[in-house]
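These are my notes on the model, as numbered points. Please read them with the coordinates open.

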Amino acid sequence: MKRAIISALKAIAPDLWYYIYYRRSLAKLGADSAVAAICFEQLLQSGSAKACLQIGVKEGMGRKYGEHWISVDKFDTRPFIDRNDDINDLQFPTSTFDVAVCM
């Protein structure tokens with residue numbers, strides 16, 4: 001019964017479904033989210049030799065994580081976006097990137 005309700009919600013109101021799914025996932029992270037933030041900051045500080053893909057740019061951030069990052073966003077046309085591609089159909093060869101981040 002619960003699965004049927006969830007499936008119906010996804011079909012009727014996908015934005016609401018994704019919001020609920022996101023909030024539940026975030027709640028599951030709990031204290032681990034602070035650890036994840038520290039690990040991500042360490043990656044940013046030490047990752048200059050890595051090939052990195054940034055999918056989307058957080059609203060208000062206004063920049064890429066670094067010059068060696070390739071930024072992709074389907075709709076964002078700000079100057080620092082490298083490619084306006086649909087992330088479901090990226091045309092990068094396999095193993096192009098060491099790191100991919102999607103916020």
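1. A polar contact here is a pair of N or O atoms within 3.5 Å; within protein, one must be able to donate a hydrogen and the other to accept it, and residues adjacent in sequence count only if both atoms are side-chain atoms. The side chain of Asp-73 lies 2.9 Å from the backbone nitrogen of Asp-76.

2. On provenance: the model is predicted, with local features needing pLDDT of at least 70 and side-chain atom pairs counted only at pLDDT 80 or more, while totals for chains, interfaces and linings use all residues. Numbering starts from 1 along each chain as its sequence is written, and side-chain values use heavy atoms, with hydrogens and water left out.

3. Overall content: the protein has three helices and three strands (DSSP runs numbered from the N terminus, H or I of at least four residues for helices, E of at least two for strands). Along the sequence they follow the pattern α-α-α-β-β-β. Of the 103 residues, 22% count as buried (under 20% relative accessible area, with exposed over 50% and partly exposed in between; 1.4 Å probe, protein chains only).

4. The sheet is open, with three strands in the order β2-β1-β3 and parallel pairing (two strands pair if DSSP finds at least two bridges between them). β2 and β3 are the edge strands, each pairing on one side only. Neighbouring strands are turned by 20° against each other on average, direction ignored (axes are lines fitted to C-alpha atoms, for helices over the stretch in contact; angles run from 0 to 180 degrees between N-to-C directions).

5. Strand β1 (residues 52-55) is joined to β2 by four bridges, and four bridges also pair β1 with β3. Ile-55 stands opposite Val-72 in β2 and opposite Cys-102 in β3. The β3 bridge partner of Gln-54 is Val-101.

6. In a regular strand the side chains alternate between the two faces of the sheet. Both faces of β1 are covered: Cys-52 and Gln-54 are buried on one side, Leu-53 and Ile-55 on the other.

7. Asp-73 sits in the loop between β2 (69-72) and β3 (99-102). What is the nearest side chain of opposite charge to Asp-73? It is Arg-78, 6.2 Å away, and the buried Asp-73 has no salt bridge (a side-chain nitrogen of Lys or Arg within 4 Å of a carboxyl oxygen of Asp or Glu; Lys and Arg count as positive, Asp and Glu as negative, and His and the chain ends are not counted).

8. Leaving aside residues up to four places away in sequence, Asp-73 touches Gly-56, Val-57, Ile-81, Arg-83, Asn-84 and Asp-85 (contact means heavy atoms within 4.5 Å).
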